[in-house]
Amino acid sequence: MGCSEQMPGQASAGDTATRGPGSSTPAAPSESNPGGDVLAEFDYCSLLDDGELSDLGLVAGELLDADVTNRPNCTWKTKRAAGGYDITVFYIDNMGIDEVNNADAEPVLTTVGEHQAVKFQSWGGGNSAIALKISDSSRVEIVATGSGGGETQDALAEQYAKLFEQKLPKGDG
């Protein structure tokens, strides 16, 4: 698996306003794939509706600071401070799953729903992540942060990857 680009920073909520569930304002297309790519223009904060937020114990999603990822994204936090976690999803339109380069160890191939995927620990082992293959040169990453790490964090990444995989629009990446 190649290492062609480093993704700087750690996923964290930025200073942008909270976006409510079901919001329909699309994210801006990325510079490398301007217009026409439904995943680049998708509002990721609309992936969870009010009922799911309540069932999962999450607050409404919000966009990450553009300086962190500069990609279409959303992050959700648990309603409780102690023992809580964050779930972040973002779209990468210029690197496929074979180019995951921010992993502590070799990513593990898997399948999530109808998508090929890789599981990996990222950013110094602080996050569990699953990257869903959209095309040979694009992917959607689901990252779980917090929750004490380890198997619990891995299970959260898998749970949300399965949930989001079913809800993603069909991309043309």
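**Close-up 1. Arginine 139 and its partner, glutamate 141.** In this predicted model, arginine 139 counts as buried, because its relative accessibility of 0% falls under 20%. Its side chain meets that of glutamate 141 in a salt bridge, at 2.7 Å from N to O. Glutamate 141 is buried too, with a relative accessible area of 0%. Theirs is one of five salt bridges in the structure.

Close-up 2. Lysine 167 is partly exposed, at 29% relative accessibility.

**Close-up 3. Helix H3 meets strand S6.** Glutamate 158 and lysine 119 form a salt bridge, 3.2 Å from N to O. Glutamate 158 belongs to helix H3 and lysine 119 to strand S6 (residues 115-122), so their contact ties together parts 39 residues apart in sequence. Both are partly exposed: glutamate 158 at 29% relative accessibility and lysine 119 at 30%.

Close-up 4. The structure holds four aromatic pairs. Phenylalanine 42 and tyrosine 44 have ring centres 5.0 Å apart and planes at 90°, so this pair is edge-to-face. Phenylalanine 42 is buried at 17% relative accessibility, and tyrosine 44 is buried at 0%.

**Close-up 5. Tyrosine 160 and phenylalanine 164 in helix H3.** These two residues lie four residues apart in helix H3 (residues 150-167), about one turn of the helix. Tyrosine 160 is buried at 1% relative accessibility, and phenylalanine 164 is buried at 0%. Together with Trp76 and Tyr85, they form one aromatic cluster.

Terms used. Residues are numbered from 1 along each chain as its sequence is written. This is a predicted model: local features need pLDDT of at least 70, side-chain atom pairs count only at pLDDT 80 or more; totals for chains, interfaces and linings use all residues. Side-chain values use heavy atoms; hydrogens and water are left out. Rings of Phe, Tyr and Trp (its six-membered ring) pair if their centres lie within 6.5 Å; planes under 30 degrees apart count as stacked, over 60 as edge-to-face and the rest as tilted. Buried means under 20% relative accessible area, exposed over 50%, partly exposed in between (1.4 Å probe, protein chains only). A salt bridge is a side-chain nitrogen of Lys or Arg within 4 Å of a carboxyl oxygen of Asp or Glu.
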